[in-house]
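Subject: Structure handover

Hello,

Here is the structure I promised to pass on. Please open it first, then read the notes below.

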Amino acid sequence: PAPRTVLLTGAAGGLGTLMRGLLPAYGYELRLFDATPIEGEPDAITADLADKEALREAVQGVDAIIHLAGISLESTFDKILRANIEGTYNLYEAARTEGVGRTVFASSNHAIGFTPRPQGDDPLIPVETPRRPDTFYGLSKCFGEDLAQLYWDLHGMETVSVRIGSCFLEPNSVRMLSVWLSPGDCARLFHAALTAEGVGHSVVYGSSANTRLWWDLTSARALGYEPQDDSEQFAEKLIAEQGELDPDNRDHAFLGGTFATNPPRWPY
Ligand code: NAI
Ligand code: 15L
């Protein structure tokens, strides 16, 4: 049966807030979890991924999990270790103990961020491309994907690891024209990932059907995902402001953009 009650970790964040708005229309009842309190949501669970007891309670009785919580930019290895690596392990252990069979894991393009971006007639990047994290942050997403594979092979727990490009209301750079995931398409993709049958552990790219796409959406479409949006509507304005990507500029050379050259840092 299709999942109904879904635990949304990272519910206070940017993507969590967008998904709180969009996923209920698909019939999901969301249970919210975040270290940051959420105004106007008295039932939200305010706890850290380090709190195993809280996680155990949070996953009790849910049909599936969407795991967004964690540090979403570069940080020190120690902070990434605690929030993203140990935190994801703690969540999977809670899910195993409570018998939750399906997770959607917010992986990131930064798991393969040092992959050269396709130029000219280069082929789209396949989902099997070797991982080349561009940061400790990207490395933690590689760990999450491997943890998901282990829990499938060892315990039969299913995960769709979504290597999200850039999910914001609008793309704000020329690079983002290639990796943009509209919020509406993100909800469509998460819904497909929650309901597709027999996913085992699947890795998919998370973007809209962008004209300037860099990667292959075949495995995402295999889940039943049909993207509706294309960033091209924003291209003219962004290119007028910023210029086309420059083949001689190292900041434009890699899939992960400036994460590979001068990564934005987590502020706390
Ligand atoms: P965000 O930084 O806005 O939200 C992350 C949330 O996780 C925050 O509300 C924070 O309080 C919570 N959090 C952090 N550490 C925690 C901990 N130890 N325990 C409990 N909660 C904790 O990030 P955003 O943009 O909403 O991203 C959500 C997820 O999607 C992240 O895992 C991020 O790595 C991933 N992602 C997002 C992309 C995007 O374009 N927004 C692109 C690729 C991946
Ligand atoms: C990510 O993984 C970050 O969490 C998000 O804030 C964006 O920077 C995105 O990647 C991106 O590559 O644009």
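A residue counts as near a molecule or strand if its C-beta atom, placed from the backbone, lies within 6 Å of it.

Before going on, some ground rules. This is a predicted model, in which local features need pLDDT of at least 70, side-chain atom pairs count only at pLDDT 80 or more, and totals for chains, interfaces and linings use all residues. Residues are numbered from 1 along each chain as its sequence is written, while chains are lettered from A and ligands numbered from 1 in the order in which they are written.

**The ligands**

Ligand 1 has 23 residues around it, and Gly13, Leu15, Ser72, Ala106 and Ile164 come nearest. Two or more shell residues come from each of α1, α3 (77-98) and β5 (102-108). Helices (H or I, at least four residues) and strands (E, at least two) are DSSP runs, numbered from the N terminus. Helix α1 gives the largest share, 3 residues. By class, the shell of ligand 1 splits into 11 nonpolar, 10 polar and 2 charged.

**Helices α1 and α6**

Helix α1 spans residues 14-22 and helix α6 residues 183-195; their axes come within 10 Å and cross at roughly 75°. Axes are lines fitted to C-alpha atoms, for helices over the stretch in contact, with angles from 0 to 180 degrees between N-to-C directions. The pair is therefore roughly perpendicular (65 to 115 degrees; under 35 is roughly parallel, over 145 roughly antiparallel, the rest oblique).

Leu18, Met19 and Leu22 of α1 meet Pro183, Gly184, Cys186, Ala187 and Phe190 of α6. Contact means C-beta atoms, placed from the backbone, within 7 Å.

**Leu55**

Leu55 sits in helix α2 (residues 52-59). Is Leu55 buried or exposed? Leu55 is buried because it has 26 C-beta neighbours inside 10 Å. The cut-offs are 20 or more other C-beta atoms within 10 Å for buried, 12 or fewer for exposed, and partly exposed in between, with C-beta atoms placed from the backbone. Beyond four places in sequence, Leu55 contacts Leu49, Asn90, Leu91 and Ala94.

Best wishes

Terms used:
Contact = placed C-beta atoms within 7 Å. Nonpolar A, V, L, I, M, F, W, Y, C, P; charged D, E, K, R; others polar.
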